[in-house]
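I open this notebook to record what I looked up in one structure. The entries follow in the order in which I made them.

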Amino acid sequence: MSIYEYDEEKHMRQEREAAWEDGKKEGIEEGKKEGIKEGMEQGIVRGEKQLLFSQIKRKQAKGKTVSQIADELEETEERIAELIEEMNINS
């Protein structure tokens, strides 16, 4: 057998391995992008919720009702009540 003979099986195996590695790298990169995007979205949601918590606390300290708070924050009374309950649970 000559050193110049073509080994098709070896060549195909190498091609599959190279394609698998490329796919793996692409998958990792895509996963990172999605993770960053989701993390940012969750951070924004948490930040918005924390802002609502602080606004609700200030308004409660002034003696405002759930209805008044909801109206001023342009939220539903149900949403404000849920947030108040969550604040009390987490406190």
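**Entry 1: the helix α1**

I looked up helix α1, residues 8–61: its 54 residues reach 78 Å from the first C-alpha to the last, close to the 80 Å expected at 1.5 Å a residue. Helices here are DSSP runs (H or I, at least four residues), numbered from the N terminus, and the expected span is 1.5 Å times one less than the number of residues.

I noted that this is a predicted model, in which local features need pLDDT of at least 70 and side-chain atom pairs count only at pLDDT 80 or more, while totals for chains, interfaces and linings use all residues. Residues are numbered from 1 along each chain as its sequence is written, and side-chain values use heavy atoms, with hydrogens and water left out.

At the start of α1, I found a side-chain oxygen of Asp7 within 3.3 Å of the backbone nitrogen of Glu9. After α1 comes Gly63, with a positive phi near 85°.

**Entry 2: salt bridges**

I counted five salt bridges (a side-chain nitrogen of Lys or Arg within 4 Å of a carboxyl oxygen of Asp or Glu). Lys49 and Glu86 form one of them, at 3.1 Å from N to O. Lys49 lies in α1 and Glu86 in helix α3 (residues 77–90), so the pair ties together parts that are 37 residues apart in sequence.

I also found Lys32 bridged to Glu29, with the closest N and O atoms 3.8 Å apart. Both residues lie in α1, three residues apart, about one turn of the helix.

Finally, I recorded a network of salt bridges linking Lys59, Lys64 and Glu72.

Key. Helix = DSSP H or I, 4+ residues; strand = E, 2+ residues; numbered from the N terminus. Polar contact = N/O pair within 3.5 Å; in protein donor to acceptor, adjacent residues only side chain to side chain.
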